[in-house]
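Subject: Structure handover

Dear colleague,

Here is the structure I said I would pass on. My notes on what was found in it follow below.

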Amino acid sequence: AAAAAAAEQASTPAVSLISDDAVLRLKAQQLQLQTRGRHIFLCCDAEVQKCCSQTDATASWMFLKKRLKELGLEHSGPVWRTKAGCLRVCAKGPIAVVYPEQVYYHSCTPEVLERIIQTHLVGGQIVEDFLIRE
């Protein structure tokens, strides 16, 4: 058993934590993770689809990715974007949330996302028309 374990260990490539750390540091630098900025999460849950159709969610996500890239905002400025499973609002979607302000928006069609990008992500002002209020 000991010989088999030794043979298995010898055939398994060793994982170097130093190289993993170096890769992680490089990726953090590339993404500017230590720089303050805004992060938009867009609800795109393909399974639940309670707040909007999958077609609408996909169109909004594709627009957000493309538009941030066109504006040179993708991972710079910095602005980050994340495709979220479900933001638990489940009404008038797609739903988005922008951090660090923790501002939730409803009805995030490409047209609304353009306003959120220009007004909130770039300009720092909340888009009142689509703000989810308590």
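Serine 107 counts as buried, because its relative accessibility is 17% and the cut-off for buried is under 20%. Please keep in mind that this is a predicted model. Serine 107 sits in the loop that runs between β4 and α4. Its side chain makes a polar contact with the side chain of histidine 106, at 2.7 Å. Leaving aside neighbours within four places in sequence, serine 107 is in contact with Lys92, Gly93, Pro94, Val112 and Phe130.

Next, the nonpolar cores. The largest one has 25 residues. Within that core, the residues with the most contacts are Ile40, Leu42, Leu64, Tyr105, Leu113 and Ile116. At least two residues of this core come from each of β1 (38-43), α3 (54-70), β3 (96-99), β4 (103-105) and α4 (110-122). Another core, of 5 residues, lies apart from the largest one, and includes Ala84, Leu87, Ile95 and Val97. In soluble globular proteins, nonpolar side chains tend to be buried together.

On the cysteines: how many disulfides does the structure hold? The number is 0. For cysteine 86, the nearest cysteine sulfur belongs to cysteine 90 and is 3.9 Å away; a disulfide needs the two sulfur atoms within 2.5 Å, so cysteine 86 is in no disulfide. Cysteine 86 is partly exposed, with a relative accessible area of 34%. Cysteine 108 is buried, at 0% relative accessibility. The closest cysteine sulfur to that of cysteine 108 is in cysteine 51, and at 9.4 Å this is too far for a bond.

Last, isoleucine 132. This residue is placed in the segment after α4. Is isoleucine 132 buried or partly exposed? At 29% relative accessibility, isoleucine 132 counts as partly exposed. Residues up to four places away in sequence aside, isoleucine 132 touches Val89, Ile95, Tyr104, Tyr105 and His106. Isoleucine 132 and alanine 96 are 36 residues apart along the chain, and their C-alpha atoms are separated by 9.8 Å.

Regards

Conventions:
Residues numbered from 1 in each chain as written. Predicted model: local features only at pLDDT ≥ 70, side-chain atom pairs only at ≥ 80, totals over all residues. Heavy atoms only, no water. Core = buried A, V, L, I, M, F, W, Y, C linked by side-chain atoms within 4.5 Å. Buried < 20%, exposed > 50% of the residue type's maximum accessible area, 1.4 Å probe, protein only. Helix = DSSP H or I, 4+ residues; strand = E, 2+ residues; numbered from the N terminus. Polar contact = N/O pair within 3.5 Å; in protein donor to acceptor, adjacent residues only side chain to side chain. Contact = heavy atoms within 4.5 Å.
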